[in-house]
Amino acid sequence: MTNILIIDSAATGEASVSRKLTAAFADQVGRHDQEARIVHRDVGRQTIPHLTEDTVAAIRGTPETPQAQAARALSDELISELQAADLIVIGAPMYNFGMASTLKTWFDHVLRAGVTFRYTAAGPEGLVTGKRAIVVESRAGFYSAGPGAAMDHQEPHIRTLLGFMGITDVTFVRAEKLASGAEAASAAMAGAIEQLDGLARSEVALAA
Ligand SMILES: Cc1cc2nc3c(=O)[nH]c(=O)nc-3n(C[C@H](O)[C@H](O)[C@H](O)COP(=O)(O)O)c2cc1C
C-alpha cells in the first residue's frame, strides 16, 4: 500500500490549475490502486499562519506561550503527515516568481532541526529519507529555458527545501505558458496530465 500526501497551495479556488492536476493524479492512482491511502492537506484553503515573534520558538526552540504551543502542535501534525507518506505530491502555483506564500509556511513548519534535518560535523543532514516527491508547477509564463529561466525562484527553492530534509527523489511536472492563449494552455495541461498519468502508473507498479 502506498501512502500519499497531497499538498495543495493555490489561492485560486476551483479555478486552480495546480489543484486540477493534483486531483487528476489522485484519480489516476485511485483507479488503479484502491488500497492507496491519500491524505490531503490544502494549505491554500486552510492556511497555515506565518511564523511570528510569538511562534518561531515553536519551530526553533522551546514553546512557552499558548501561541507557541499551538504552533508546535501544528508543526508536529504536519511533520507526522510528512513522515507517514511514501510519496509527497505538491501542487505549487508560481506567484510572483516563487512558490505561494501558503506553501512556504508549510515548509516553515516542517523544517525543524533535530526532527526533519540535523546539523552534523560533516554539515546538514536530511532526516526525511526514503521518500519520493512530485511537484506540480503551474505558471502563466515559460521558465524551462531561455530568458525566463533566471526568474524561476520557485523550482530551485522547492528543490532545496525538500533536499534539505532528505527528499531528493523529486520529479517536477511543469504546466507552463498557461497565459499564452487557449491552444498553448490546453497543450500544457495535456502534457502535464500525460506525465502525471505515467507517474501514477509507476507508483501503482511500485506498490504492487
Ligand atoms: C498573485 C499571482 C501572481 C502570479 N505571478 C506569476 C509569475 O510571477 N509568473 C507566472 O508565470 N505566472 C504568475 N501567475 C500566474 C499563475 O502562475 C497561473 O495563474 C497558475 O495557473 C497559478 O496556479 P493555480 O492556477 O493553481 O493558482 C500569477 C498569478 C497570481 C494569482
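Tutor: Begin with a cut-off: a residue is called buried when its relative accessible area is under 20%. Keep in mind that this is a predicted model.

Student: Which residues of helix 4 are buried?

Tutor: They are T102, L103, T105, W106, F107, H109 and V110. That is seven of the 10 residues of helix 4, so by the under 20% cut-off the helix is mostly covered.

Student: What do the buried residues of helix 4 pack against?

Tutor: Their partners are strand 1, helix 2 (56-60), helix 3, strand 3, strand 4 (98-99) and helix 5.

Student: Which residues touch the most other members of the largest nonpolar core?

Tutor: A core of this kind is a set of buried nonpolar residues joined through side-chain atoms. Here the largest has 29 residues, and W106, F107 and L162 touch the most other members. Two or more residues come from each of strand 1 (3-8), helix 3 (66-84), strand 3, helix 4 (101-110), strand 7 (132-138), helix 5 and strand 8 (169-175). A separate core holds 18 residues, including I6, F25, L196 and A200.

Student: Take L162. What is in contact with L162, leaving aside neighbours within four places in sequence?

Tutor: With those neighbours set aside, L162 is in contact with I90, F107, A133, V135, I167 and V170. F107 was named above with L162 among the residues that touch the most other core members.

Student: Now a glutamate. Is E155 buried or exposed?

Tutor: E155 has a relative accessible area of 5%, and is therefore buried. This residue is in helix 5, which spans residues 155-164.

Student: Which side chain makes a polar contact with that of E155?

Tutor: The side chain of R174 does, at 2.9 Å. Beyond four places in sequence, E155 is in contact with E137, R139, F172 and R174.

Student: Which element gives the most to the lining of the largest pocket?

Tutor: Strand 3 does, with three residues. Helix 1 (17-32) and strand 3 (87-95) each supply at least two. By type, the lining of this pocket has eight nonpolar residues, four polar and one charged.

How values were computed. Residues numbered from 1 in each chain as written. Predicted model: local features only at pLDDT ≥ 70, side-chain atom pairs only at ≥ 80, totals over all residues. Heavy atoms only, no water. Helix = DSSP H or I, 4+ residues; strand = E, 2+ residues; numbered from the N terminus. Nonpolar A, V, L, I, M, F, W, Y, C, P; charged D, E, K, R; others polar. Buried < 20%, exposed > 50% of the residue type's maximum accessible area, 1.4 Å probe, protein only. Polar contact = N/O pair within 3.5 Å; in protein donor to acceptor, adjacent residues only side chain to side chain. Contact = heavy atoms within 4.5 Å. Core = buried A, V, L, I, M, F, W, Y, C linked by side-chain atoms within 4.5 Å.
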